[in-house]
Amino acid sequence: MPVRTAETRGPAETETLAAGLAARLAPGDVVLVSGEVGAGKTTFVRGACRALGVRGRVTSPTFTLARRYEDGRVPVSHLDLYRLEGAPPEDPAVLEEDLGPGRIAFVEWPEASAVPTDPGRIVARVLLEHRGGDRRAVRIEEGAA
Ligand SMILES: Nc1ncnc2c1ncn2[C@@H]1O[C@H](COP(=O)(O)OP(=O)(O)OP(=O)(O)O)[C@@H](O)[C@H]1O
Ligand SMILES: [Mg+2]
């Protein structure tokens, strides 16, 4: 699985890296986005969504597990599993559509719970780390699990 690591110097650079990944995504693909609070997970997802043609607000889902963006070139789901705190979703069927073949899905806090998807759908794992100030290390591991 190829791994690339870069250091970004602000949110715009993180969005640009994400756009590069987005160009290689297709419906059914799942991207896991890890990192501490404020590391830039949502910023990364926003950059990918913009590259996929999503124009509306891209913010972390807070009161729901998933947000859906339907105005891009492909349907996109944006999940945040933080709220699950280790418990599996009450009803895994609620995420079936989001993680299914018809959409690209980005998952923040994937370590908070088992991601209810076929592991073969996970095409990339992203890890963001604070490097002081506006610097972030961005590690992108791409390819079949
Ligand atoms: N190099 C950078 N890359 C990404 N974000 C950066 C960078 N430098 C500064 N920031 C800022 O850091 C913040 C990252 O917030 P963001 O919501 O993307 O983080 P998050 O990892 O999703 O946090 P949470 O765990 O709360 O969901 C934003 O305010 C963003 O502007
Ligand atoms: Mg977030």
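Which residues does Ala48 touch, not counting residues up to four places away in sequence?

**View 1. Surroundings of Ala48 in the predicted model.** Ala48 touches Ala18, Ala19, Leu21, Ala22 and Phe106, not counting residues up to four places away in sequence; contact requires C-beta atoms, placed from the backbone, within 7 Å. In this predicted model, local features need pLDDT of at least 70 and side-chain atom pairs count only at pLDDT 80 or more, while totals for chains, interfaces and linings use all residues. Residues are numbered from 1 along each chain as its sequence is written, and chains are lettered from A and ligands numbered from 1 in the order in which they are written.

**View 2. The largest nonpolar core.** This core has 36 residues, and Ala48, Val107 and Val126 have the most contacts inside it. Its members are buried Ala, Val, Leu, Ile, Met, Phe, Trp, Tyr and Cys residues joined through C-beta atoms within 7 Å; buried denotes 20 or more other C-beta atoms within 10 Å of a residue's own. E6 gives the most to this core, namely five residues.

**View 3. The open sheet.** Seven strands (DSSP E runs of at least two residues) follow the order E1-E7-E6-E2-E5-E4-E3 with mixed pairing; a pair needs at least two DSSP bridges. Strand E1 (3–8) and strand E3 (66–69) stand at the edges with a single partner strand each, so one side of each lacks a neighbour in the sheet.

**View 4. The shell around ligand 1.** Ligand 1 is surrounded by 17 residues, the closest being Thr14, Gly40, Lys41, Thr42 and Thr43; a shell residue has its C-beta atom, placed from the backbone, within 6 Å of the ligand.

Note on methods
Helix = DSSP H or I, 4+ residues; strand = E, 2+ residues; numbered from the N terminus. Buried ≥ 20, exposed ≤ 12 C-beta atoms within 10 Å, placed from the backbone. Contact = placed C-beta atoms within 7 Å.
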